[in-house]
Amino acid sequence: MKKKLISVLLCVSLAATMLAGCGSEKAASSNADAGNDAGQEAPAESGSTEGGGAEGGKTYAIVTKAAGNPFNEKTADGFKEVIEASGGTAIIKHPEAPTADAQVSVIQSLISQGVDSICIAANDENALQAALEEAMAAGIKVCCEDSKTNPDSRQVFVNQAGVNEIGVALMEAVHDITGGEGQWAVLSATSQAANQNAWIEAMKKTMESDEKYSKLELVEVAYGDDEPQKSTDQTQALLAKYPNLKLICAPTTVGINAAAKVLQDEKSSVKLTGLGLPSEMAEYIGDDDAHSCPYMYLWNPIDLGRLGAYTSIALVDGTITGAEGDKFTAGDMGDYEVIAADDGGTEMILGAPFKFDASNIDEWKDVY
Ligand code: RAM
């Protein structure tokens, strides 16, 4: 109830001050602190040696999917800000490649270092299990953010938005932008990414659930591995392979940015939607033929990192164990409750996906 009240209040003040509108109370919650520290780029890897807070200088690590992804860097910024403000030490690890192997070696070095917690965006749902179980057996608290592991490999998942909500929002966008018929393709990140795969599955389920989608044909799911060059190549390959393609949906910030460049450079009539950073996509968003992307969605990546940090602190200080029904206060973000996730583990939800279009993109492009 308290979270609901806080969210509604934040929603009202956000609407009043930023003219950005807000789709729901959760959207407001996820974007409420958007103005804080936005746009700061985190170094590829960093650690603070200050420590010495109430928890006696505990060390909290965040492991992202990979280096070179601005979304990951903004999430790490939010994480670091909260950990350091609480007097802890933040360790930021961006693995060299978006693979499970790269994350396993990072986890192993964090175990040897004796960190107090690991908050990880998993590159593979199952392949980190042995390493993360070893971490938990050593007393390290483990949560996921952005992309989850299986339930045995984590204590709780900090989920950016409901999987089904994202799937429905994206599928509705595909339907709307194509006029409800024609060929479309997905440009994803890596084929093992649990978040990407869950969103794509949710889109497919939505498509099958209603006759109104029956004239839409999903021709291919392509993988750009969250690498700009590979995402560019995959976009070009889709255009070459499907001359009648009407739309690409890229539920990845790296993929949508690469696809936008290709479509706009080639003056293609193929339209684009998906999940993108406003700071990277502003020049491609618009309703006319000169712009590829009429609108897209995302959540606040800085807040995602901040919530990951508050969750790590709550796990380390024993306020929560990650069990369903656990409650804690995430600083100025308000109260959160751990709920059952549909994989049998637990999660908490940051907020709802937020829509960015021609009417509000200028308000957000300098925020994140
Ligand atoms: C990319 C990554 C990340 C995802 C965002 C939307 O940066 O794949 O995991 O959450 O896009």
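Where does the ligand sit? The ligand sits in the largest cavity. This is a predicted model, with local features requiring pLDDT of at least 70, side-chain atom pairs pLDDT 80 or more, and totals for chains, interfaces and linings using all residues. Residues are numbered from 1 along each chain as its sequence is written, and side-chain values use heavy atoms, without hydrogens and water.

View 1. A cavity is a set of points, on a 1 Å grid over the protein atoms alone, where a 1.4 Å probe fits but cannot get out. A molecule sits in one if more than half of its atoms lie within 2 Å of its grid points.

**View 2. The shell around the ligand.** Of 13 residues around the ligand (a heavy atom within 4 Å), K65, D146, N195, D226 and T253 come nearest. The shell holds four nonpolar, six polar and three charged residues. Helix α7 (residues 194-209; a DSSP run of H or I, at least four residues) gives the largest share, three residues. Domain 1 (6-160 + 300-351) and domain 2 (163-298) both contribute, so the ligand lies between them.

View 3. A polar side-chain atom of D146 lies 2.5 Å from a ligand oxygen. For N195 the distance to a ligand oxygen is 2.9 Å; for Q196, 3.3 Å. The protein covers 100% of the 290 Å² of accessible area (Shrake-Rupley, 1.4 Å probe) that the ligand has on its own.

**View 4. The loop between β8 and α8.** D225 lies in this loop, between β8 (216-223; a DSSP run of E, at least two residues) and α8 (228-241). D226 is also placed there. Phi is near 55 degrees in D225, and near 55 degrees in D226. Most residues other than glycine have a negative phi.

Terms used:
A polar contact is a pair of N or O atoms within 3.5 Å; within protein, one must be able to donate a hydrogen and the other to accept it, and residues adjacent in sequence count only if both atoms are side-chain atoms. On a 1 Å grid over the protein atoms alone, a cavity is a set of points where a 1.4 Å probe fits but cannot get out, and a pocket is an open set with protein on both sides within 12 Å along at least five of seven lines; lining residues have an atom within 4 Å of a point. Ala, Val, Leu, Ile, Met, Phe, Trp, Tyr, Cys and Pro count as nonpolar, Asp, Glu, Lys and Arg as charged, and the others, Gly among them, as polar. Domain bounds come from an automatic or database domain assignment.
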